[in-house]
Amino acid sequence: MANVTVIGAQWGDEGKGKIVDWLSERADVVARFQGGHNAGHTLVVGEKVYKLSLLPSGIVRGTLSVIGNGVVLDPWHFRDEVAKLKGQGVTITPDNLQIAETCPLILPFHRDLDGLREDASGAGKIGTTRRGIGPAYEDKVGRRAIRVCDLAHLDDLDLQIDRLTAHHDALRAGFGEAPIDRARLMAELTEIADFILPFVKPVWLTLNKAKAAGKRILFEGAQGTLLDIDHGTYPFVTSSNTVAGTAASGTGLGPNAAGFVLGIVKAYTTRVGSGPFPTELEDETGQRLGERGHEFGTVTGRKRRCGWFDAVLVRQSIAVSGVTGIALTKLDVLDGFDALKICVGYQIGDQKFDYLPAHAQDQAKAQPIYETIEGWHDTTAGARSWADLPAQAIKYIRRIEELIGCPVTLVSTSPERDDTILVRDPFAD
């Protein structure tokens with residue numbers, strides 16, 4: 001039985017939470033491998049709605065869930081999210097949830113810096129969630145981060161705090177802010193340590209033992225490939241690598257552990273925040289997609305920008321992440337359209353492109369080249385087999401497969417976990 005790696009193949013918000021939740025019934029372990037609590041996953045289970053941003057989606061089912069070393073962890077948000085889910089009846093203990101010892105911590109001054117920079121950027125704003133994700137990753141790379149394992153050795157932190165304050169106090173002074181209050185920081189870390197430490201484990205060892213025992217591991221990515229720090233629409237990207245290859249480095253397993261790579265793809269396209277978006281619809285059609293798809297960010301509540309399906313961008317995502325098959329979500333949002341458009345290329349000046357160029361100015365100038373396909377008026381909502389789908393909806397799916405060069409593995413037809421058409425079981429490969 002194969003492991004499965006789930007990644008977003010657009011700009012995030014593709015519906016990964018539901019798919020991971022659905023697959024976690026077949027998994028023995030679910031592992032988050034990058035990002036932080038800027039990731040939003042909504043799970044709908046019967047009458048209950050669970051909103052997760054840091055915890056792996058498998059925790060709702062009670063599947064062993066791990067937060068890998070590639071994640072940056074806000075310990076206070078972790079405590080709040082655990083309490084919220086426990087209040088909804090979810091069992092969360094160190095027996096079913098583990099945190100990697102080497103996760104860098106997101107600290108209060110990271111959130112401060114995130115907001116100060118964004119406010120000072122004017123028209124150059126990136127659209128950060130202001131949760132300290134980027135500054136925490138910067139400290140990790142700068143070798144000055146306080147990590148989860150440091151919570152067990154608070155008496156030995158002076159030298160590391162010296163490194164942190166040497167960097168951050170200069171930045172804060174530039175914004176007219178007071179230096180970091182070291183005593184307050186130590187008090188905050190001391191207060192939260194007792195809650196975090198019972199969950200802390202050598203996650204790399206847990207996962208390698210699971211692999212050796214032949215257990216099925218489900219790797220859960222956050223955000224989307226087009227927000228990848230290397231492969232996304234830079235600089236309007238997140239601060240981590242979101243591609244499937246990060247499942248290895250972000251958990252402590254080798255690259256051969258990734259298994260079946262499932263790319264989650266919305267049947268149209270959305271984006272939150274700033275940045276290029278060639279197929280964006282700033283008209284009644286875009287508004288209709290947003291209203292029908294309930295397009296508001298799980299974490300930020302921000303309205304998502306909406307547009308037609310972009311086969312060019314999805315094809316790029318499939319290439320850089322080595323996607324084996326896609327899960328097509330929110331097909332039901334397209335019910336009732338007379339005609340649908342799919343982007344098959346770009347026009348930039350007098351040149352045509354079958355990929356999105358790397359430079360931000362070229363990306364901003366890209367005009368979509370569309371192919372029009374007939375829509376359908378019967379409903380796809382709640383469909384659980386091909387026989388339940390209108391013929392034209394199936395044609396739309398097949399055309400997407402042709403344009404992106406990748407087969408459809410799953411089709412999701414509502415937020416409900418069971419409203420899913422299984423074409424190919426990723427764990428069976």
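**Helix packing and single residues in a predicted model**

Modeller: Asp310 caps the N-terminal end of α10, with one of its side-chain oxygens 3.1 Å from the backbone nitrogen of Val312.

Colleague: Which residues of α10 are buried, and what covers them?

Modeller: In α10, which spans residues 311-321, the buried residues are Ala311, Val312, Leu313, Val314, Ser317, Ile318 and Ser321. Their cover includes the strands β1 (4-8), β9 (260-266), β12 (309-310), β13 and β14, together with the helix α12 (391-404). As background, an α-helix has 3.6 residues a turn, so residues three or four places apart point the same way. Just after α10 comes Gly322, with a positive phi of about 60 degrees.

Colleague: How do you know which class the angle between α5 and α6 belongs to?

Modeller: Here the axes of α5 (residues 158-174) and α6 come within 12 Å, crossing at roughly 125 degrees. The perpendicular range ends at 115 degrees and the antiparallel class begins over 145, so α5 and α6 are oblique to each other. The crossing of this pair is right-handed. Asp158, Ile161, Asp162 and Thr165 of α5 meet Arg182, Leu185 and Met186 of α6, and the residues of this contact divide into 3 nonpolar, 1 polar and 3 charged.

Colleague: Why are α3 and α5 called roughly parallel?

Modeller: Helix α3 (residues 108-120) packs against α5 at an angle of about 30 degrees, the axes being 11 Å apart. An angle under 35 degrees counts as roughly parallel, and the pair is therefore placed in that class. The handedness of the crossing in which α3 passes α5 is left-handed. On the α3 side the contact is made by Phe109, His110, Asp112, Leu113 and Arg117, and on the α5 side by Leu164, His168, Leu171 and Arg172. By class it holds 4 nonpolar, 2 polar and 3 charged residues.

Colleague: Is Asp74 buried or exposed, and how do you know?

Modeller: Asp74 lies in the loop between β5 (64-67) and α2. Its relative accessibility is 4%, and because buried means under 20%, Asp74 counts as buried. Apart from neighbours within four places in sequence, Asp74 is in contact with His37, Leu54, Ile106 and Arg111. The side chain of Asp74 also reaches the backbone nitrogen of Trp76 at 3.0 Å.

Colleague: What makes Asp419 count as buried or exposed?

Modeller: Asp419, found in the loop between β17 (408-412) and β18 (420-422), has 9% relative accessibility, which is under the 20% limit, so Asp419 is buried. The side chains of Asp419 and Ser414 are joined by a polar contact of 2.6 Å. Leaving aside neighbours within four places in sequence, the contacts of Asp419 include Lys18, Arg384 and Val411.

Colleague: Why do His294 and Lys330 fall where they do on the accessibility scale?

Modeller: His294, in the loop between α9 (284-292) and β11 (305-307), has 62% relative accessibility, and because exposed means over 50%, His294 counts as exposed. Lys330, in the loop between β13 (325-329) and β14 (339-348), stands at 23%, between the limits of 20% and 50%, and therefore counts as partly exposed. Phi is positive at His294, about 50 degrees, although His294 is not a glycine. At Lys330, also a residue other than glycine, phi is near 60 degrees.

Notes. Residues numbered from 1 in each chain as written. Predicted model: local features only at pLDDT ≥ 70, side-chain atom pairs only at ≥ 80, totals over all residues. Heavy atoms only, no water. Helix = DSSP H or I, 4+ residues; strand = E, 2+ residues; numbered from the N terminus. Buried < 20%, exposed > 50% of the residue type's maximum accessible area, 1.4 Å probe, protein only. Contact = heavy atoms within 4.5 Å. Polar contact = N/O pair within 3.5 Å; in protein donor to acceptor, adjacent residues only side chain to side chain. Axes fitted to C-alpha atoms, helices over the stretch in contact; angles between N-to-C directions. Parallel < 35°, antiparallel > 145°, perpendicular 65-115°, else oblique. Left-handed = near helix turned anticlockwise from the far one by under 90°. Nonpolar A, V, L, I, M, F, W, Y, C, P; charged D, E, K, R; others polar.
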